Structure formats: structure tokens, C-alpha cells
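Hi,

Here is the structure I promised to pass on. Have a look at it first, and then read my notes below.

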Amino acid sequence: MRVSWEDEVVQYLTNSSFYFEIDGVTGLALKSSSGPEIEMEVAGGDTAIGVTKDAKTQTQATIGGVKYNSTISLKYVAGNEGDQKKLYDWYNDCHRDTFSGGSSKAMDSRKTGSLVVYDPNGAEAMRFNFTDLFPGSATQISSLSVDSAGQLAEDTLELYFTKVTREK
């Protein structure tokens, strides 16, 4: 990502310098993070709305709507200890058991979290804070095959949230 303001150029290398933190989970080794996405739809910007004196064409671009994708996907090194276990336990607390049903701790287990992007000097450049994080789906070690020898096992956790704010 590259952003430019007047004479100042700021560069963020998001492919290698990021960190995602969830309440109580601070040492997770992330391979990738995706989401959220915000798309602003433009209305009226692609055609003329009229013509004025001297054959000057008038156009107007207006925000026609905003689409939100309120999910985050985290891919991380699999494991049954430390932060991996905390995420697995949180997921289990928030979802009913498939076979026996019953209640869950979903309403009491909402968390907050932050996505931090660092600049090339290692300083915090952007921070997005998430409210009401909730684990939606989890994929544990999608493949254990002979041709995958020497590769790290990875888990994926999809998170939902109700609010995101950008601090920096």
C-alpha cells in the first residue's frame, strides 16, 4: 500500500509487517489476514447529467451506497498449545456442540481485537480496532497428505465483528 500527501510519501509493506491481536491472544504466528472490505458505490459519475452554455457537459459523482464485508480471516500455524489453544477453546465456547446441542457462551465471549500494520522502520503505522469479535468458522489442518511433507500445518479462523474504527 502506498499513500501520498503533497510532498510526503508514506509506504506500508502490509504483506510482511502486520500483527493481529485478540483479547488474551498476543503471540499468534499469523501467516495471513484478510478483510474487512469497504466498497463505496458511485452513482452518476459515468455519464453526463446535462449540458450548459458553450456546450459544457456537467457530471456529478455521488456516493450511492456503501458495501461492508464484516469478516476477517486469519490463517496461522496450527497447534494445541498457547494461543492456538486459546482460539480453539474460544471457538468451542461460542458454538453449541454438534451432537448434544445445548447452550453456548456466545454472548459472554465476544472479544475486541486490533489489526496493526507497521512501516518499514517497524513503527506502528495503522491500527484498526474491532469490537464484538466472534468466531464464525474454523478449519483445522485442511490437508495431511504425503505430498505435503515439510510444510507447516495451518489453521484458519473466520471472525465476525460489529464495529471497526481506524485509530491511525
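Let's start at one residue: Ile 63 is partly exposed, because its relative accessible area is 47%. For that scale, buried means under 20% relative accessible area, exposed means over 50%, and partly exposed is in between (1.4 Å probe, protein chains only). Before going on, please keep in mind that this is a predicted model, where local features need pLDDT of at least 70, side-chain atom pairs count only at pLDDT 80 or more, and totals for chains, interfaces and linings use all residues. Residues are numbered from 1 along each chain as its sequence is written, and side-chain values use heavy atoms, with hydrogens and water left out.

**The surface patch**

Ile 63 sits in strand S8. Helices (H or I, at least four residues) and strands (E, at least two) are DSSP runs, numbered from the N terminus. Together with Ile 38, Met 40, Val 66 and Tyr 68, Ile 63 makes a nonpolar surface patch of about 550 Å². A patch is made of residues with over 30% relative accessible area and no salt bridge; like charges are joined within 9 Å, and nonpolar side chains (Val, Leu, Ile, Met, Phe, Trp, Tyr) within 5 Å. The areas come from the Shrake-Rupley method with a 1.4 Å probe, and for residues only the protein chains shown count as cover. Strand S5 (37–43) and strand S8 (62–69) each give at least two residues to the nonpolar patch, and S8 has the largest share, with three residues.

**The overall picture**

The protein chain has one helix and 13 strands. Along the sequence, the pattern is β-β-β-β-β-β-β-β-β-α-β-β-β-β. Of its 168 residues, 24% count as buried. The chain exposes about 11,400 Å², and carbon and sulfur atoms supply 48% of that. Contact here means heavy atoms within 4.5 Å. Among the contacts with a separation of 6 or more, 62% are between residues 24 or more positions apart.

**The core**

In soluble globular proteins, nonpolar side chains tend to be buried together. A nonpolar core is a set of buried Ala, Val, Leu, Ile, Met, Phe, Trp, Tyr and Cys residues joined through side-chain atoms within 4.5 Å. The largest one here has 18 residues, and those with the most contacts inside it are Phe 20, Ile 22, Ile 72, Leu 87, Trp 90, Leu 133 and Leu 159. Two or more residues each come from strand S3 (18–22), strand S9 (71–77), H1, S11 and S12. Take Trp 90: apart from neighbours within four places in sequence, Trp 90 is in contact with Ile 22, Ser 109, Lys 111, Leu 133, Phe 134, Pro 135, Leu 157 and Leu 159.

**The aromatic rings**

How many aromatic pairs does the whole structure hold? The search finds two. (Rings of Phe, Tyr and Trp, the last by its six-membered ring, pair if their centres lie within 6.5 Å; planes under 30 degrees apart count as stacked, over 60 as edge-to-face and the rest as tilted.) Phe 130 and Phe 161 form an edge-to-face pair, with 5.0 Å centre to centre and 65 degrees between the planes. This pair links distant parts of the chain, 31 residues apart: Phe 130 is in strand S11 (residues 124–139), and Phe 161 is in the loop between strand S12 (154–160) and strand S13 (163–166). Phe 130 is buried at 2% relative accessible area, and Phe 161 is buried at 10%. Ring pairs join Phe 20, Phe 130 and Phe 161 into a cluster.

**The salt bridges**

The structure has five salt bridges; each is a side-chain nitrogen of Lys or Arg within 4 Å of a carboxyl oxygen of Asp or Glu. Glu 154 and Lys 31 form one of them (2.8 Å, N to O). Glu 154 is in strand S12 and Lys 31 in strand S4 (residues 30–34), so the pair ties together parts 123 residues apart in sequence. Glu 154 is partly exposed at 23%, whereas Lys 31 is exposed at 53%.

Asp 83 and Lys 86 form another (3.7 Å, N to O). Both lie in helix H1, three residues apart, about one turn of the helix. Is Asp 83 buried or exposed? Asp 83 is buried, at 13% relative accessible area, while Lys 86 is partly exposed at 44%.

Cheers
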